[in-house]
Amino acid sequence: MKAGSNLEKVLEAGKFAVTAEIGPPQSSNPEPLTHHARMMKGSADAFNLTDNQTAVVRLSSIASAAIIMREDIEPVIQMTCRDRNRIALQSDLLGASAIGVKNVLCLTGDHQTFGNERAAKSVFDFDSVSELYTFDKLRTEGLQSGGTVIDDKPELYLGCAENPFATPYEFRATRLAKKVDSGADFVQTQAIFDMDMFEKWMDEVRSRGLDKKTHILAGVIPMKTAGAARYMKNKVPGMIVPDYIIERMRNASDAKEEGIRLCVEQIETLKTIKGVHGVHVMAVMWEEMVPRIVEMAGLLPRPTVK
Amino acid sequence: MIIAERKPLGEIAMMVAPHEKVTVIGCRSCVAICLAGGEKEVDTLVSAMKLKSMNEGRTQYFDGFVLERQCEKEWVKEVEDKILAADVVLSMSCSLGAQTIGDLYPEKIVVPGLNTAMFGVPEEQGVWSEKCLGCGDCIIHTTGGICPIARCAKSMLNGPCGGSSNGHCEVNLEIECAWYAIYERLKLQDRLDLMDTVRPPKEWSTSHSGGRRVIVREDAKLTPHQIRGKEASL
């Protein structure tokens with residue numbers, strides 16, 4: 001065990017893992033976090049706290065982790081390279097570890113032009129690979145990027161993201177390999193709508209043996225409307241949503257129910273793909289649906305691993 | 001080269017409004033090539049400013065000329081009398097030229113007529129694009145001759161982020177994804193193995209992050225003897 005987190009135990013025991021995402025509020029009111037934590041408790045093995053996602057200022061992911069941990073829920077903190085240089089990243093990592101956070105997801109981060117602080121100076125001192133590389137050295141050797149060696153090494157379970165649907169497609173498994181070489185214990189993928197394309201990527205991942213070296217959690221997003229599907233297809237760079245999915249959402253008499261069904265079907269398919277060790281449910285602004293989706297997908301109750 | 005753009009006329013007018021004698025100085029180097037501060041642009045600006053000043057009821061005198069290279073003291077000194085005669089110098093050079101005049105004549109007010117934008121190249125008539133950030137540690141031999149520090153919005157070192165869409169950048173879908181371009185270039189050169197390398201954190205201390213940079217080359221400096229000789233010849 002590297003950190004002994006619940007997520008690590010579930011994955012290392014060979015169980016099919018479930019993670020879900022909680023978006024922190026834009027204010028300092030912790031209530032939405034507590035609310036979501038209580039509602040989603042027991043429906044996933046660990047919960048991602050996003051780090052100012054889409055570059056919109058929100059309650060920090062580490063503070064959010066501290067808040068949900070009071071509800072006895074395990075966090076995965078997301079840490080992007082957009083807003084912090086290596087001094088702040090390492091400092092925050094040590095701080096997070098000190099308050100009991102074990103799961104850390106290393107991300108380069110959405111560019112600030114997407115968010116509500118477009119005048120910001122961008123940092124990007126690291127990218128996600130050099131972030132993983134540095135955090136891995138910290139946990140294994142106690143080595144900081146500047147060369148200082150520390151005695152008490154943080155116990156971390158490190159993750160990364162990967163997007164099989166961004167160009168160049170043929171490089172995407174190589175990019176995952178670089179992250180695995182740099183210390184990624186698990187990976188949460190971009191939301192998958194095009195199963196054929198995902199399977200092609202998984203073929204490449206398996207042929208390189210990456211599924212043996214890391215745990216792949218396939219990302220899914222339940223959609224509420226056909227408009228949301230169209231938006232993701234047309235407006236979110238690096239997302240592929242096949243037309244038949246948009247059609248299905250449009251023709252549904254109850255779009256929300258169709259979105260849930262579609263998501264559950266996707267999870268059922270993903271469960272059968274060799275090398276996929278779990279799912280990551282990103283119910284953006286629809287967190288209350290997570291327990292139902294996970295139950296419908298036959299993934300409840302969540303396992304308890306000693 | 002350095003790419004600059006002229007500031008809006010209104011902003012320039014506001015900067016020079018309190019002054020009567022305005023000397024406009026352009027530059028025949030980079031900013032002439034990027035059509036921002038060469039001969040033609042100085043002439044146009046002087047005419048426009050005269051008109052604007054008159055229309056707005058100010059009594060101002062505008063005089064314009066162009067130097068070979070405004071960032072070099074020797075060229076600037078050649079027009080010392082014109083600079084000293086002005087109430088304000090409106091530099092139509094990049095900020096380097098404007099600062100050279102300011103550093104040579106600290107009592108003079110120098111205002112920038114251009115916004116200095118980037119190190120870039122002319123792509124086609126009327127199009128310039130950024131290609132270097134001057135990070136002080138060039139690595140383009142490992143990236144197919146394409147700089148990811150300047151050409152990737154996130155200065156990534158390990159390949160394209162998840163926002164690379166059909167070879168374009170998530171920040172602006174009109175702009176190519178630098179790492180997509182690097183991948184294609186390396187594929188063409190049969191050097192895709194370079195894409196596999198894990199690049200550790202970059203050493204940013206050679207860039208502006210290490211503080212303002214001053215390069216001293218002892219071998220290039222003049223000896224005291226040479227300095228005396230140069231002074232004698234002037």
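Me: Where in chain A is the place of A:Ala55?

Reply: A:Ala55 lies in the loop between strand S2 (46-49) and helix H3 (61-69) of chain A. The model is a predicted one.

Me: Why is A:Ala55 called buried?

Reply: A residue is buried if 20 or more other C-beta atoms lie within 10 Å of its own. A:Ala55 has 21 other C-beta atoms within 10 Å, and therefore it counts as buried.

Me: Where is A:Asp72 found, and what is its phi?

Reply: A:Asp72 sits in the loop between H3 and strand S3 (75-80) of chain A. Its phi is near 65 degrees, again a positive value in a residue other than glycine.

Me: What makes A:Val149 count as exposed?

Reply: The cut-off for exposed is 12 or fewer. A:Val149 has 11 C-beta neighbours inside 10 Å and therefore counts as exposed. A:Val149 belongs to the loop between helix H5 (128-141) and strand S5 (157-162) of chain A. Leaving aside neighbours within four places in sequence, A:Val149 is in contact with A:Gly142 and A:Leu143.

Me: Which peptide bonds are described as cis, and with what omega?

Reply: The bond from A:Thr167 to A:Pro168 is cis, with omega near -10 degrees. The bond from A:Leu300 to A:Pro301 is cis as well, with omega near -5 degrees. Most peptide bonds are trans. A:Pro168 is in the loop between S5 and helix H6 (172-181) of chain A, whereas A:Pro301 is in the segment after helix H12 (290-296) of chain A.

Me: How do you know whether chain A agrees with a compact globule?

Reply: For 306 residues, a compact globule would have a radius of gyration near 19 Å. Chain A has 18 Å, so the value agrees. Buried residues make up 54% of the 306 residues in chain A. Chain A has 12 helices and 8 strands.

Me: What are the numbers of helices and strands in chain B, and why is chain B called more spread out than a compact globule?

Reply: Chain B contains 9 helices and 7 strands. The globule rule gives 17 Å for 234 residues, but the radius of gyration of chain B is 22 Å, well over that figure, so chain B is more spread out than a compact globule. Chain B is divided into domain 1 (2-118) and domain 2 (135-234). The centres of these two domains of chain B, taken over C-alpha atoms, are separated by 31 Å. Of the 234 residues of chain B, 35% count as buried.

Me: How do you know that strand S2 (residues 21-27) and strand S4 (residues 88-91) of chain B pair?

Reply: Pairing requires at least two bridges. S2 and S4 of chain B share 4 bridges and run in the parallel sense, which means that they pair. Within S4(B), B:Ser91 stands opposite B:Ile25.

Conventions
Residues numbered from 1 in each chain as written. Chains lettered and ligands numbered in written order. Predicted model: local features only at pLDDT ≥ 70, side-chain atom pairs only at ≥ 80, totals over all residues. Domains from an automatic or database assignment. Helix = DSSP H or I, 4+ residues; strand = E, 2+ residues; numbered from the N terminus. Rg over C-alpha atoms; globule rule 2.2 N^0.38 Å. Contact = placed C-beta atoms within 7 Å.
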